[in-house]
Amino acid sequence: MAYIQFLGAAGTVTGSKHLINTTYDSSGKQGIQVLIDCGLFQGQKEWRERNWQDTPVPAREIDAVILTHAHLDHCGWIPRLVQEGFRGPIYATQATIDLCSVVLPDSGHLQEEDAAFHNKKGTSKHSPALPLYTLEEAQDCLQYFKPVTIEQTVQLSPELSFRFVPAAHILGSCMAEVIVKTNGQARRLLFTGDIGRVRDSEVAPGKVVHSGPQQGESADVLVMEYGGARRQHRGSRIRRRTHAEIYLHVERTDGVGTDSAGPGVLRQSDGDQGRGNLLEALRGVHARGG
Ligand SMILES: [Zn+2]
């Protein structure tokens, strides 16, 4: 049976890593293991320390990474994954790859500087303090990136394919729509990544990315991160209501994702009505500014 494991962005909004495993059953038949995003935990020490933990399945057994966008909380752990033995393809849009070729080596450089600082000041309990990964290791991992165009369907195995859907967040950002076929039944999983704003007037509000998902998309399982309605964009009075709608739907999932920050999953059991309403609310976030 296929399942999703949330390895990050649960109880926090950093360290995004969602592992899809299509391993069928106890018969020994192997499926495919795909990681959606591979983000760095950031913020408080208790979260940052998780960057030093291994993945629950060996990194070399993960077949592929699908990357939604180039923010470090979604891509910043990739050099560490490669350091641990991952050698599969990392699928992303060309713009995301271009951004990663800058932000990942920069992140490696900062990790090295941090370690050097702690060694100089003697402020680490480790001697010597080591970087999570180096600039060179970050450059090395770029060889595994594979460009995918928006709307192009990529078949990773007989039972799993995906395509990117525009997310209107940052340059190159996309949602990942994954189709998993098990027992002759196809399920559509939509991983939103971070969601941005689409153009709601002729005058751009200081953003360069306006393209969001089209009407008519649907999903059997929707996975999104939710950080709480603490910010409100100018001119989007209706946003609080939209957030409330989304939160209400997420709370219906038997406790999964009911934290104020963490992934929420809307399952098929919520019915067509629930899914339709949530996707409608999501489009509302795009249209009104989310
Ligand atoms: Zn982001």
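Which residues of H4 are buried? I began with the ground rules. The model is predicted: I take local features only at pLDDT of at least 70 and side-chain atom pairs only at pLDDT 80 or more, while totals for chains, interfaces and linings use all residues. Residues are numbered from 1 along each chain as its sequence is written.

**Helix H4.** I listed Thr96, Leu99, Cys100, Leu104, Pro105, Ser107, Gly108 and Gln111 as the buried residues of H4. Buried means 20 or more other C-beta atoms within 10 Å of a residue's own, with C-beta atoms placed from the backbone. Helices here are DSSP runs of H or I, at least four residues, and strands are runs of E, at least two, numbered from the N terminus. I looked up the cover next: it includes helix H2 (72–75), helix H3 (78–83), strand S5 (90–92), helix H5 (135–141) and strand S6 (145–147).

I checked the length. H4 has 28 residues (94–121), so at 1.5 Å a residue it should span 40 Å, and its end C-alpha atoms are 41 Å apart, which agrees. The expected span is 1.5 Å times one less than the number of residues. I noted a kink of about 30 degrees centred on Cys100. The bend is the angle between axes fitted to the seven residues ending at a residue and the seven starting there. Gly122 follows H4, with a positive phi near 65 degrees.

**Strand S2.** I found His18 and Ile20 on the covered face of S2 (residues 18–21), and Leu19 and Asn21 on the uncovered one. In a regular strand the side chains alternate between the two faces of the sheet. S2 pairs antiparallel with S1 (residues 3–6) over 4 bridges; pairing needs at least two DSSP bridges. Ile20 is the bridge partner of Ile4.

How values were computed. A residue is buried if 20 or more other C-beta atoms lie within 10 Å of its own, exposed if 12 or fewer, and partly exposed in between; C-beta atoms are placed from the backbone. Two residues are in contact if their C-beta atoms, placed from the backbone, lie within 7 Å.
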